[in-house]
Amino acid sequence: MPHWVPTTVLLTYTSIVTLISLTAVFGETVGRRTAAYKVLLILLPTGILFIGAQFAAAHITRGA
């Protein structure tokens, strides 16, 4: 995998989380804010697991 891919994935993930967080805070309707909050509940743990797996894979392959 090229060296720029993890950085790009991390920046994209951070941007998506930021936009959805802003929607959760400043959404026009209660339904929109609730939907954004529910997406964050799924997106945050999934992203943390994905990033942790990337670092673990990099650590394992570096040590091999």
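## Helix pairing and core

Thr 8 counts as partly exposed because its relative accessibility is 37%, a value between the 20% and 50% cut-offs. The model is predicted. Thr 8 lies in helix 1. Between Thr 8 and Gly 63 there are 55 residues in sequence and 24 Å in space, C-alpha to C-alpha.

How do helix 1 and helix 2 cross? Their axes come within 8 Å, at an angle of roughly 155°. Angles over 145 degrees count as roughly antiparallel, so helix 1 is roughly antiparallel to helix 2. The crossing is left-handed.

| Element | Residues in the contact |
|---|---|
| Helix 1 | Val 9, Leu 10, Tyr 13, Ile 16, Val 17, Ile 20, Ser 21, Thr 23, Ala 24, Val 25 |
| Helix 2 | Arg 32, Arg 33, Ala 36, Tyr 37, Val 39, Leu 40, Leu 43, Leu 44, Gly 47, Ile 48, Phe 50, Ile 51 |

By type, the residues of this contact are 17 nonpolar, three polar and two charged.

Next, the core. The largest nonpolar core has six residues: Tyr 13, Val 17, Ile 20, Ala 24, Ala 36 and Leu 40. Helix 1 (4-26) and helix 2 (30-63) are the elements that each give it two or more residues. Helix 1 supplies the largest share, four residues. In soluble globular proteins, nonpolar side chains tend to be buried together.

Which residues does Val 17 contact, its neighbours within four places in sequence left aside? They are Leu 40, Leu 43 and Leu 44. Val 17 and Leu 40 both belong to the core.

Notes: Residues are numbered from 1 along each chain as its sequence is written. This is a predicted model: local features need pLDDT of at least 70, side-chain atom pairs count only at pLDDT 80 or more; totals for chains, interfaces and linings use all residues. Side-chain values use heavy atoms; hydrogens and water are left out. A nonpolar core is a set of buried Ala, Val, Leu, Ile, Met, Phe, Trp, Tyr and Cys residues joined through side-chain atoms within 4.5 Å. Buried means under 20% relative accessible area, exposed over 50%, partly exposed in between (1.4 Å probe, protein chains only). Contact means heavy atoms within 4.5 Å. Axes are lines fitted to C-alpha atoms, for helices over the stretch in contact, and angles run from 0 to 180 degrees between N-to-C directions. Angles under 35 degrees count as roughly parallel, over 145 as roughly antiparallel, 65 to 115 as roughly perpendicular and the rest as oblique. A crossing is left-handed if the near helix is turned anticlockwise from the far one by less than a right angle, and right-handed if clockwise. Ala, Val, Leu, Ile, Met, Phe, Trp, Tyr, Cys and Pro count as nonpolar, Asp, Glu, Lys and Arg as charged, and the others, Gly among them, as polar.
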